[in-house]
Amino acid sequence: MSSIPKQQVRFRPASRVVGQQQDVWTTINEAATASPVQPIINMGQGFFGYNPPKFITDAAKEALDRVDCNQYSPTKGRPRLKKAIAKAYSPLFGRDIDPETEVTITTGANEGILSALMGFIEAGDEVVVFEPFFDQYISNIGMAGGVIRYAPLHPPKNGATEVSSAGDWSINMAEVEKAITPKTKMIILNTPHNPVGKIFSKTELQAIGDLCVKHNIIILSDEVYDRLPFIPFTRIATLSPAIAAQTLTVGSAGKNFYCTGWRVGYLMGPADLIHYVAAAHTRICFSSVSPLQEAAAVGFERAEELGFWEQSRKEMMGKVERFCAVFEELGLPYSKPEGGYFVLANFARVNLPDDYEFPAHVAERPRDFKLAWFLIMELGVAAIPPTEFYTKENMWMAEDWLRFAICKEDDVLDGAKERLRGLKKYMS
């Protein structure tokens, strides 16, 4: 959150909304505005650079002409969408999902995560989070009054010298178990992972699931990139009835259908857990956007028959190969994603000029913030410094990496590649 001069603060804000540092999004946008290289090629934030498929947008336009689609929807979501989600996911979970009691619709996946936290976490309850983490997890846990315990994903030992797989980012189960205390009530899992692109293996998921059953911990499995796996993808809720009974799975129609601005998310899980997620959602925003829920329902109803899921997956795999070719050309190691639409590249070989002037709020941050600022100001390419997604103790793990969102048109990817070739003169 950007700072406000003290003389302008007339009332003391709640601690839950006061940040100690300028957030990464403000820093990157500030640099993009100030850069002499325009227009900026934005490979930072993970929004799509192209429209949803026509069958989805047509459904949205048609919904706007219907009276019922322009009024409040039921707080748990429109029946058609819940039924479509249940039908689409039942085969994937290996059981029949009840659309009335085991699915709830939220205003984006992020609000769904907040609703899950608000539904179960009280002041002092602890939540285990893997780092690097999606930054909204942290503020959402804080909103609910929870206490965060961290377990790191360790980067590959050879990540600074050669291309590696996102699967090589590893967890140490001893560290995970150490983060658990008698106060632990929930663990947040993200697979495919943002920003790493790792798909947790069945072995890893089984170990996490067994640990949560042992300690009676709710699993909040953030699977918003579930339709973009590049390797076999296991859902933790499918591993055993005991694990399923403690798992809430988060999904995103916005991620699935290239429409992140629609803010249509959903949670699936046991009725006794979904009930309280929906109760919290009711108090946060009551209901979600009606016409876009209806359009998302059409998406789930037709995606399989139209071959959309497979087409989407293959296209994203192609974008990974297309964009990462520039890192191969430059000799910059990168972590090849197993799913999702982010790529982490290692810039240890890039030498920032000793006399380069960074603004104070960038100079005091880790090296990846300086790298990101430099790329924007000198090359006109925006990327995200991933130390924003780490605790101070573990920022060293990511200070040479940058995250690129590759969910852009091919000509945008090609333009970014051309500009990144300008790094050659700064490389050792």
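Biologist: Contact means heavy atoms within 4.5 Å. So which residues does E30 touch, not counting residues up to four places away in sequence?
Modeller: E30 touches Q22, H361 and W373. Remember that this is a predicted model, where local features need pLDDT of at least 70, side-chain atom pairs count only at 80 or more, and totals for chains, interfaces and linings use all residues. Residues are numbered from 1 along each chain as its sequence is written, and side-chain values use heavy atoms, without hydrogens or water.

Biologist: How many residues apart in sequence are E30 and W373?
Modeller: They are 343 residues apart in sequence. In space, their C-alpha atoms are 9.5 Å apart.

Biologist: Where is E30 found?
Modeller: E30 is in helix α1. Helices (H or I, at least four residues) and strands (E, at least two) are DSSP runs, numbered from the N terminus.

Biologist: Why does E30 count as partly exposed?
Modeller: Because its relative accessibility is 31%. Buried is under 20% relative accessible area, exposed is over 50%, and partly exposed is in between (1.4 Å probe, protein chains only).

Biologist: Where is V18 found?
Modeller: V18 is in the segment before α1, which spans 24-34. V18 counts as partly exposed, because its relative accessibility is 40%.

Biologist: Next, T57. Which helix does T57 lie in?
Modeller: T57 lies in helix α2, residues 54-64. With a relative accessible area of 18%, T57 is buried.

Biologist: Let's go inside. Which residues have the most contacts inside the largest nonpolar core?
Modeller: L248, F300, F327, F347, F404, L420 and L423. That core has 110 residues. A nonpolar core is a set of buried Ala, Val, Leu, Ile, Met, Phe, Trp, Tyr and Cys residues joined through side-chain atoms within 4.5 Å.

Biologist: New topic: G94. Buried or exposed?
Modeller: G94 counts as exposed, because its relative accessibility is 66%. G94 sits in the loop between α3 (79-93) and β2 (103-106).

Biologist: What separates the C-alpha atoms of G94 and S428?
Modeller: A distance of 52 Å. Along the chain, G94 and S428 are 334 residues apart.

Biologist: What is omega for the bond from T191 to P192?
Modeller: Omega is near -10 degrees, and the bond is cis. P192 is in the loop between β7 (184-190) and α7 (202-215).

Biologist: What is phi of Y258?
Modeller: Phi of Y258 is near 65 degrees, a positive value in a residue other than glycine. Y258 is in the loop between α9 (253-256) and β10 (265-268). At 9% relative accessibility, Y258 is buried.

Biologist: Where is F286 found?
Modeller: F286 is in the loop between α10 (271-284) and α11 (290-302). Its phi is positive, about 65 degrees, although F286 is not a glycine. At 39% relative accessibility, F286 counts as partly exposed.
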